Amino acid sequence: MITYEEALSRMLAAAPRMPAEAVALAEADGRILAQDVVADMDMPPFDKSAMDGYACRRADLGLGELTVIEDIAAGAWPARTVVSGTCARIFTGAPLPLGADCVLMQEQSERRGDRIRIHNPDTADNICRRAEDIRTGDRVLACGERLTPAHIAVLASVGVARPLVARRPRVAILATGNELVPVDVTPGPAGIHNSNSPQLAAQTRAMGVCVTDRGIVGDDTATLTAAIHDALSDHDVLLLSGGVSTGDYDLVPGILRQLGFAFAFESVAMQPGRPTVFAQKDAHFCCGLPGNPVSTFVVFELLVKPFLFQMMGHTVEPRIATGRLTRPVRRRATDRQAAFPVRFTAPGDVEPMTYHGSAHINALTRADGIITLPIGKGCFEAGEHVHVRCF
Ligand code: AMP
Ligand code: MG
């Protein structure tokens with residue numbers, strides 16, 4: 001058994017780097033940037049008005065009245081220079097005319113024909129200066145960043161129509177277990193629905209990665225061997241659920257060994273998640289996750305997700321919030337780190353969910369994240385400050 005930190009670092013070290021591909025900006029949301037983006041233009045590209053009003057000279061604001069010499073709409077280039085006693089009607093986003101050094105808000109003036117009267121002028125200049133947001137040559141985005149809508153806007157503003165992003169790993173999911181039936185089939189007396197495959201598919205897709213669901217395979221060496229072999233023929237990573245423990249029907253580790261996989265680990269000091277398996281053959285990877293649904297969920301979150309992101313060149317930085325526990329959390333054995341689902345009830349208050357263990361998947365539906373008791377620590381007391389790893 002190795003620690004969670006050791007398991008994570010072995011997975012990250014093993015992650016192969018996906019090649020880059022260019023995609024249309026409209027397809028880039030959620031992808032991982034595979035290039036640095038350097039601005040080849042200033043933003044804004046010219047001094048522009050931040051207000052609807054009148055471009056004028058600050059020294060003239062005391063004159064009381066000014067003559068309007070032209071109208072400058074956004075998208076139009078000014079034709080005239082503002083000289084003493086004059087101003088230009090200007091709109092938000094329009095270039096500032098020569099001679100002007102401030103924009104009087106229209107609310108602070110009154111128009112009469114081609115003249116304006118000035119009321120209590122604002123002291124702000126109401127100008128967005130050329131290059132104040134982005135300067136030519138600035139690195140505006142870095143390789144490895146995950147593209148959010150704000151990143152998309154930055155790419156568009158500096159004219160990147162086809163950013164280079166990391167190719168997504170091809171991920172397949174296979175559920176193992178004689179007891180499992182698909183969601184649209186009524187289980188027999190000893191059967192249950194396969195919930196892990198749809199859950200893993202949803203977790204993977206939420207990362208922006210495509211998945212293939214390869215269905216359910218019973219606990220039978222020949223069919224399971226064939227299914228694992230087939231799934232890996234056209235996928236980079238296979239997520240297996242169930243069959244990784246040490247029972248008579250837990251066939252996955254033996255089959256992977258038979259297929260020539262090398263194991264990075266077969267047991268991790270985490271609860272839930274101890275029998276997690278990570279194995280590699282050439283450029284193919286198998287993550288064997290324990291079948292209990294909370295185990296599958298947590299192991300994906302803590303190990304598989306950072307691994308898949310690492311393949312795309314992105315480092316996961318989990319969102320950690322702190323708060324005070326409203327109730328104690330206790331456990332007996334302390335040889336593994338243990339995760340407990342929690343939720344925020346009020347700002348700074350962290351409530352442990354009623355949690356019966358790793359089969360209790362509905363405890364997660366209202367959870368905001370997990371807290372982790374480290375190895376050797378048996379409880380968190382009520383009122384104790386805890387770090388919540390948010391989902
Ligand atoms: P295993 O890891 O195969 O020993 O399974 C541990 C527990 O998780 C058993 O109670 C299984 O019935 C359950 N389980 C295994 N696979 C799934 C699945 N795909 N969906 C829901 N529960 C599962
Ligand atoms: Mg099983």
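1. The largest nonpolar core holds 43 residues, with Val-237, Phe-307 and Leu-308 having the most contacts inside it. (A nonpolar core is a set of buried Ala, Val, Leu, Ile, Met, Phe, Trp, Tyr and Cys residues joined through side-chain atoms within 4.5 Å; buried means under 20% relative accessible area, with a 1.4 Å probe and protein chains only.) Helix α6 gives the most to this core, twelve residues. At least three residues come from each of domain 1 (4–17 + 168–311) and domain 4 (320–390), bounds taken from an automatic or database domain assignment.

2. A word on the basis: this is a predicted model, where local features need pLDDT of at least 70 and side-chain atom pairs count only at pLDDT 80 or more, while totals for chains, interfaces and linings use all residues. Residues are numbered from 1 along each chain as its sequence is written, and side-chain values use heavy atoms, without hydrogens and water.

3. Do look at Phe-307: beyond its neighbours within four places in sequence, Phe-307 is in contact (heavy atoms within 4.5 Å) with Met-11, Leu-12, Ala-15, Val-237, Phe-278 and Phe-285. Apart from this core lies another, of 20 residues, including Ala-172 and Ile-228.

4. Helix α3 (196–206) has buried residues, among them Leu-200 and Ala-201, and its buried residues pack against β13, β16, β17, β21 and α6. Helices (H or I, at least four residues) and strands (E, at least two) are DSSP runs, numbered from the N terminus.

5. Six strands make an open, mixed sheet in the order β7-β4-β6-β5-β9-β8; strands pair if DSSP finds at least two bridges between them. β7 and β8 each have a single partner strand, so one side of each lacks a neighbour in the sheet.

Conventions
Chains lettered and ligands numbered in written order. Buried < 20%, exposed > 50% of the residue type's maximum accessible area, 1.4 Å probe, protein only.
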